[in-house]
Amino acid sequence: MMLSLITWAPLIGALIVLTLPKDNAKAIQGVGFLASGASLLASLLLIASFKTGSADMQFVESYAWIPALNVSYHLGVDGLSFPLVLLTTFMSFIALIGSLGIKERVKEYFFWFLILETGMLGVFIALDLVLFYVFWEITLVPMYFLIGIWGGPKKEFAAIKFFLYTLSGSVFMLLAILAMYFKAPSHTFDMLELMKANVAWDKHFQVLVFLGLYFGLAIKIPAFPFHTWLPLAHVEAPTPISVILAAVLLKMGVYGLLRLGYQITPLGFSWFLPYLVVIAVINIVYGALCAMAQTDMKKMVAYSSVNHMGYCLLGIAGMTATGFSGAVLQMINHGIVTGALFLLVGVIYDRAHTRDLSAFGGLALKLPVYAGLMMLTCFASLGLPGLAGFWSEFLCFLGAFSAWKWQTTISVLGIIATAAFFLRMMQKVFLGAFNEKWAGMPDMSWRELASILPLAALTVWFGVDPKWPLSLMNATIIHLLGK
Amino acid sequence: MAHLSLLTPALVLSGLSLALMLLDMLLPPKHSRALYHAAWLSSALVLVLVIATMADPASRGSGALWISDSYSQFFSMAVLLTAALCLLLGLDYRALPERHAGTFAALMLMATAGLMFLVCAVDLVLIFVALELVSISSFVLVGFERGNPKSNEGAMKYFLFGAFSSALLVYGISLYYGASGTTHLTPGAAAPGPMLILGLILMLLGFGFKASLAPMHFWVPDAYEGAPTPVTTFLSIAPKIATIALLLRVFGALFPAPQYELGALLGVVAVLTMTIGNFTAFFQDDVKRLLAYSSIAQAGYLLIGLVAGTTRGVEAVMLYSFVYVAMNLGAFAVAQAVGQDAGSYDLSSFDGLAQRSLGLSLAMTFCLLSLAGIPPLAGFIGKLYIFSSAVETGHWWLAVIGLVNSVASAYFYFRVVHRMYFRAPSAAPAPLAVGHFVYGAIAVAVLGVLLFGVNPQPLIASVSASAGLLP
């Protein structure tokens, strides 16, 4: 029941929001926080009863949904999905705090936002492929509206590009899903059953199915060369939605790669590994170089996501427990750290209405709290030991090195580029001569602090002591590779 | 005249439509609205009649020129439901001349009765008569707004094209008769030879006109644009699904397409229909024309199930047809509400609809998303069935082309959505004045789109119960 509650609470909130008068922003925000908060609270309560030593699906719920097609309402989490569920409920709540700054068409905003949250949670929790696909697509529509109505100057183009790009990927995923359905002797969409049925599938079939799945997943990750929608969508989206995009939506792709690609079509997955590692290296190096070339802070952070997802892919390509743990941990850390980065960029944009790097200078003098938080987050993102990013990147490299020596070496060099663009940003914005134009700029408000401080605290916690998040996923990852 | 009782519902409806015509003459013009109510109540009544007699085995069987099975009953119900809802839309459509309310209502019922004959027919004579009944009624209905030049233009084009395709159909029928010596559609009546196959192809073209299959679709945009919106709604749904039902009977059950090597031809027609429909819709700035091209494309998806030819394919076509009633009707109903308010069906009349009426724009969004096949709406379940029937029978290319088409279609459906949500309302954002009956029809449609999307099992169960009995 708990998983259903987590998934559907936001949707119920959305339906309630729909019935409220549109001028009553306070009530709408209240309902939004209650719904998203209920989901967050329920997921936190589950931590206590989540068995970290078990690799099985937990809190399973299974009912027939469309018996004619053998589609079931099958939910469950294991060590791979549970941390991502926590990330989603947490980051959604944080993004909702950030959404208090939205003043226009509040009712529609909260309606779409809450539907989006249900979609994202469902993707991680669903254990039936049709259910998974339904949730996967549900995330698209709200995102289209959230970018297109509340976004920046080129929002409308960004919205439709995002939508069509992702949709074209997912229809191939649908084809792959149908192919598996007819191949399985019992004609089933159940992921757990397909994971068993796949022993009978020949390599040729698995490769084809994997490619269909990968096409849909790679766009979401985004893996080179399917990353071109991301900078535009990120830059044009309003701040809280950029946070959600980076923190949760990209993770759906990597999660799918492990859950569907690796677990259901292992032969296809291992066939693809040599290419995957090349894509990972390109993501890392090319993403970092692109980030370095940006003058817009938000676009820079967007490209840093391409770069960070490259680390995830590299860790996965290593096919070791270390690499997999690194990849999953990197998903969590990237969610927290990049989420914070987008919020921080949003803070300065709200004040200055520009994100141009060269428009600032010496801000550390004027805004010490802001500068401190920004530096902490940047250091975490570039992988400074002692902060969250370090452990996951380290594990990804360590896990991949034994199998892919020179590829990993090139990727490690990519870290230098990552460090370079973050340091350059800090230098340009916070150090140097103070630009008098911003003399009246206030430091961070309570609302902004409320959304960023929890993330900063987690960044330090996971940097000093990464044991807890790793302990959640450990048993599952060992089980994954033991097959 | 054996087993005329099998046609009872269609005969009752024909009788009611004639009665309406008589009433029109007797009733003073100021009460003419009562005739619309009488009309939608008549089709609802016949719908109830069909449902009530379904359980009775005596309602099914073979007659001289017709056959009544649960398959034809299913499509009769879909057609009657469409007719009732479109007549409701007509109640709030102001451009219709009050004076001719009875004629309008009677013609709608007559077309509906024709479609009910059509889904029962197994003899080419009855098929031809039924098709002509539908065609002639709809020619008049399209031209019903006599003061509107577009309406006249649409009716004229529709008529000329209709006459041409009737000729093709008759030619096909005569070839079939020459090959088999009978007009009855019986499998094995004639050895497969060039004459029979040519006859079947010509018949396919004749049917394709009604179902708006490429390359017989040219009349669609003009007729749909010119016709009164309730008529457009009716034409875009009822004749289409009834003709697809007929195609399914002829090329699915009686003359299985693969056996006559027509499978590839049907596949090509499906691809052409989808692709032409979707890619031409990109360039439309009139919402009725846009939905017209969209409905052409939808017919293409339906054909995929026919090409698959399996039980699952038949089920897919039935399921999708039923879902299509809800989603297309909803979209046209909102278009009518908005277009009537703005005085034009240009896309710009949708500007800022979300800020004027969030409910109406959400309804439109749901219907359009469903047409594009986005879950969790009913259209997704329909497409899932359609494409899975193609994948199951190894028609990968059809599934791929169909899915690519779905993505492309999302683009133009979102052009409407874009207008509703991203544009500011032009001038004063006054709330819309929408009639109760239009609201009712929209509510029914949206409810269907949501309900069959979230809980499709009851619909699937009734579809598979009906599909299994196809001869």
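In chain B, 80% of the contacts between residues at least 6 apart in sequence join residues at least 24 apart, a contact being two residues whose C-beta atoms, placed from the backbone, lie within 7 Å. This is a predicted model, in which local features need pLDDT of at least 70 and side-chain atom pairs count only at pLDDT 80 or more, while totals for chains, interfaces and linings use all residues. Residues are numbered from 1 along each chain as its sequence is written, and chains are lettered from A and ligands numbered from 1 in the order in which they are written.

**Chain B as a whole**

- Chain B holds 18 helices and two strands; helices (H or I, at least four residues) and strands (E, at least two) are DSSP runs, numbered from the N terminus.
- Its C-alpha trace spans about 70 × 55 × 40 Å along the principal axes.
- A compact globule of 471 residues would have a radius of gyration near 23 Å, and the 21 Å of chain B agrees with that; the radius is taken over C-alpha atoms, and the globule rule is 2.2 Å times the number of residues to the power 0.38.
- Of the 471 residues in chain B, 60% are buried; buried means 20 or more other C-beta atoms within 10 Å of a residue's own, exposed means 12 or fewer, and partly exposed lies in between, with C-beta atoms placed from the backbone.

**Two domains in chain B**

- Chain B splits into domain 1 (1–157 + 220–251) and domain 2 (267–471), with bounds that come from an automatic or database domain assignment.
- The C-alpha centres of these two domains of chain B are 22 Å apart.
- Where they meet, 29 residues of domain 1 of chain B are in contact with 37 residues of domain 2 of chain B.
- On the domain 1 side, α3 (70–91), α8 (219–226) and α9 (229–254) of chain B each supply at least two residues, and α9(B) has the largest share, with eleven residues.
- By class, that side has 18 nonpolar, six polar and five charged residues; Ala, Val, Leu, Ile, Met, Phe, Trp, Tyr, Cys and Pro count as nonpolar, Asp, Glu, Lys and Arg as charged, and the others, Gly among them, as polar.

**A closer look at B:Gly147**

- B:Gly147 sits in the loop between α5 (124–142) and α6 (149–180) of chain B.
- B:Gly147 is exposed because it has 8 other C-beta atoms within 10 Å.
- Its C-alpha atom is 9.4 Å from that of B:Ala95, 52 residues away along the chain.
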